[in-house]
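Hi everyone, thanks for coming. Let's have a look at one model together, and please have the sequence and the structure open while I talk.

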Amino acid sequence: MARAQRARIRTAGLQPAQVLAGLASLAFLVFGIVGFTRTGFANFVGRNDATVLGFSVNPLYNLGFVLLGALGLLLTFGSGRSRVFGFLTFAAFAALFVWGLMIAGTVSTNPVSQAGNPFNLNGPDNWLHLGLAALGLVIAFLPARHKVLLPEDEEETVVAGRADSATVVEPVPEDSRRPKHGKNPAVAHDERPPGLAR
C-alpha cells in the first residue's frame with residue numbers, strides 16, 4: 001500500500017548568499033593584506049598616513065579586515081552560516097560607521113572620545129563602512145534558491161525473506177520459462193503441488 005507524502009522544499013545547491021559572502025571575504029582578506037604592505041606592524045593603533053584605495057588604514061584596521069575575511073571564508077560552507085557572516089559584517093561595520101561619525105564630529109556628542117581613534121578612521125572611511133554594512137544586510141537577507149522534492153511513486157515492493165511481507169518473491173528458475181511441451185521430467189516433477197501422489 002503506497003504511503004501518501006507531501007512535497008518537500010529544500011535549499012538547492014550553492015546559494016547566492018554563499019557566493020556573495022565568499023567574494024566579500026576574499027575582498028576583505030586582500031584589502032587587509034595590502035594594508036599591511038602599506039603600514040607594516042609598527043604603531044599598531046596609532047595614526048598612520050598610509051591609505052589603500054583612498055581609505056586610511058593602520059595595522060589594527062588591517063588586522064580587523066584579515067580576521068573578518070578569514071572568518072567569512074570559514075562560514076561560506078553553508079547557507080545559514082553565510083547569513084551569520086552577513087549579520088556579523090553588518091554589526092561590525094555599522095558600529096565603525098557610527099563611531100566614525102562621532103570622531104568626524106558629525107554627531108555632536110562622542111561618548112567614546114576617551115578611546116581615541118585606534119582604527120585611524122576618517123570621512124571617506126565612514127562611507128566605506130556604511131556600504132559594507134549594507135552589503136552585510138544583503139548577504140543576511142538574500143533569498144535562497146529552493147528545490148521542490150515531489151513524492152516519488154512508491155510501489156508496494158515485496159522483499160524475499162522479510163517476515164512482514166504478505167508474499168515472498170523467489171527467483172524463478174530458468175528451466176520453468178520453457179514451453180510446456182518442452183519440459184523435462186525433472187522440472188515437471190518439481191512443479192507438482194505438494195501432497196499429490198508421485
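One definition before we start: a residue counts as buried if its relative accessible area is under 20%, as exposed if it is over 50%, and as partly exposed in between. Please also keep in mind that this is a predicted model.

Is F28 buried or exposed? Its relative accessibility is 4%, so F28 counts as buried. F85 is buried as well, because its relative accessible area is 0%.

Now for the aromatic rings. How many aromatic pairs are there? The count comes to 10. One of them joins F28 and F85: their ring centres are 6.4 Å apart and the planes meet at 50°, so we call this pair tilted. Where do the two partners sit? F28 is in helix α1, residues 16-39, while F85 belongs to helix α3, so the pair ties together parts that are 57 residues apart in sequence.

A second pair to find on your screens is F87 with F141. Here the centres lie 5.4 Å apart and the planes are at 85°, so this pair is edge-to-face. As for accessibility, F87 counts as partly exposed because its value is 41%, and F141 is exposed because its value is 57%.

Back to F28 and F85 for a moment. Together with F31, Y61, F65 and F93, they form one aromatic cluster.

Just after α3 comes G105, which takes a positive phi of about 90°.

My last stop is a serine. Which strand holds S56? The answer is β3, residues 55-56. With a relative accessibility of 10%, S56 falls under the 20% limit and so counts as buried. Its side chain makes a polar contact of 2.6 Å with the side chain of N122. Leaving aside residues up to four places away in sequence, S56 touches A50, T51, Y61, N120, N122 and D125.

How values were computed: Residues are numbered from 1 along each chain as its sequence is written. This is a predicted model: local features need pLDDT of at least 70, side-chain atom pairs count only at pLDDT 80 or more; totals for chains, interfaces and linings use all residues. Side-chain values use heavy atoms; hydrogens and water are left out. Helices (H or I, at least four residues) and strands (E, at least two) are DSSP runs, numbered from the N terminus. Rings of Phe, Tyr and Trp (its six-membered ring) pair if their centres lie within 6.5 Å; planes under 30 degrees apart count as stacked, over 60 as edge-to-face and the rest as tilted. Buried means under 20% relative accessible area, exposed over 50%, partly exposed in between (1.4 Å probe, protein chains only). A polar contact is a pair of N or O atoms within 3.5 Å; within protein, one must be able to donate a hydrogen and the other to accept it, and residues adjacent in sequence count only if both atoms are side-chain atoms. Contact means heavy atoms within 4.5 Å.
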